[in-house]
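Subject: Structure handover

Hello,

I am passing a structure on to you.

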Amino acid sequence: RRVDGVSEKMLAQTLQTLERDGFVNRDAHPTIPPKVEYTLTPLGRGVADRLIALIEYVEGSMPAVQRSRDDYDVNAGTR
């Protein structure tokens with residue numbers, strides 16, 4: 001629901017793959033309407049922690065990236 005542009009079919013396939021690979025646990029509740037909850041496994045939590053660290057590093061580096069882009073664009077005509 002929180003990610004635009006992802007169909008329910010693709011989400012279901014991706015979650016099934018993540019469950020198969022051991023990154024998430026699936027807990028189906030026999031209620032009406034049906035309810036399914038997903039939680040990260042210890043393996044999934046380890047991956048998520050590393051991804052969060054990478055995302056934070058990249059976001060923190062964006063000023064340097066923008067400076068490099070600006071320098072490149074200014075000097076591109078002199079190459």
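Predicted model: local features only at pLDDT ≥ 70, side-chain atom pairs only at ≥ 80, totals over all residues.

Residues are numbered from 1 along each chain as its sequence is written, and side-chain values use heavy atoms, with hydrogens and water left out.

Searching the whole structure gives two salt bridges (a side-chain nitrogen of Lys or Arg within 4 Å of a carboxyl oxygen of Asp or Glu).

One of them joins the side chains of Lys35 and Glu37, at 3.3 Å from N to O. Glu37 is partly exposed, at 34% relative accessible area (buried is under 20%, exposed over 50%, partly exposed in between, with a 1.4 Å probe and protein chains only). Lys35 is partly exposed too, at 43%.

The other pairs Arg45 with Asp49, 3.1 Å from N to O. Both residues sit in helix α2 (residues 42-75), four residues apart, or about one turn of the helix. Helices (H or I, at least four residues) and strands (E, at least two) are DSSP runs, numbered from the N terminus. Arg45 has 40% relative accessibility and counts as partly exposed; Asp49 is partly exposed at 40%.

Val36 belongs to strand β2 (residues 35-40) and is partly exposed, at 35%. Leaving out residues up to four places away in sequence, Val36 touches Arg26, Asp27 and Ala28 (contact means heavy atoms within 4.5 Å). Val36 and Met10 are 26 residues apart in sequence, with 16 Å between their C-alpha atoms.

Regards
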